Amino acid sequence: MQLARTELFKKDYLRLAPPIRKAAAKQIAQLLIDHTHPSLHLEAIQGHQGLFSARVDRRYRVSLSFLEEDVILLRRVLDHDDLYRSP
């Protein structure tokens with residue numbers, strides 16, 4: 001698997017507090033290893049075909065899409081409620 005990142009993801013990521021950034025990096029690494037791992041709580045985002053979210057921690061989630069069979073596009077990393085308003 002390979003990763004691609006949107007500019008919004010990059011901005012969101014840099015705004016995170018260091019402990020959240022560390023947790024996000026850990027979960028992104030898990031996405032690369034096995035995107036079906038239960039700790040990710042991967043789920044489709046309702047109303048947005050082809051978009052998914054994965055858990056960073058209890059508060060934060062990452063939105064993503066699968067571009068090709070081996071490319072994951074990281075779109076946003078935000079607070080749960082904010083992410084579902086603007087995936």
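Predicted model: local features only at pLDDT ≥ 70, side-chain atom pairs only at ≥ 80, totals over all residues.

Trainee: In what order do the helices and strands follow along the sequence?

Mentor: The protein has three helices and five strands. Read along the sequence, they give the pattern β-α-α-β-β-β-β-α.

Trainee: What is the radius of gyration, and why does the protein count as compact as a globular protein of its length?

Mentor: For 87 residues, the globule rule gives 12 Å. The protein comes close to that value, so it is as compact as a globular protein of that length, with a radius of gyration of 12 Å.

Trainee: Which residue forms a salt bridge with Arg61?

Mentor: Arg61 belongs to strand S4 (residues 60-68), and its partner sits in strand S2 (residues 43-44), 18 residues apart. The closest N and O atoms of the pair are 3.9 Å apart, within the 4 Å limit for a salt bridge. The partner is Glu43.

Trainee: Is Arg61 buried or exposed?

Mentor: Buried means under 20% relative accessible area. Arg61 has 6%, so Arg61 is buried.

Trainee: How far apart are the closest N and O atoms of Arg85 and Asp82?

Mentor: Both residues lie in helix H3 (residues 80-85), three residues apart, about one turn of the helix. Arg85 is exposed at 62% relative accessibility, while Asp82 is partly exposed at 34%. In their salt bridge, the closest N and O atoms are 2.6 Å apart.

How values were computed. Residues numbered from 1 in each chain as written. Heavy atoms only, no water. Helix = DSSP H or I, 4+ residues; strand = E, 2+ residues; numbered from the N terminus. Rg over C-alpha atoms; globule rule 2.2 N^0.38 Å. Salt bridge = Lys/Arg side-chain N within 4 Å of Asp/Glu carboxyl O. Buried < 20%, exposed > 50% of the residue type's maximum accessible area, 1.4 Å probe, protein only.
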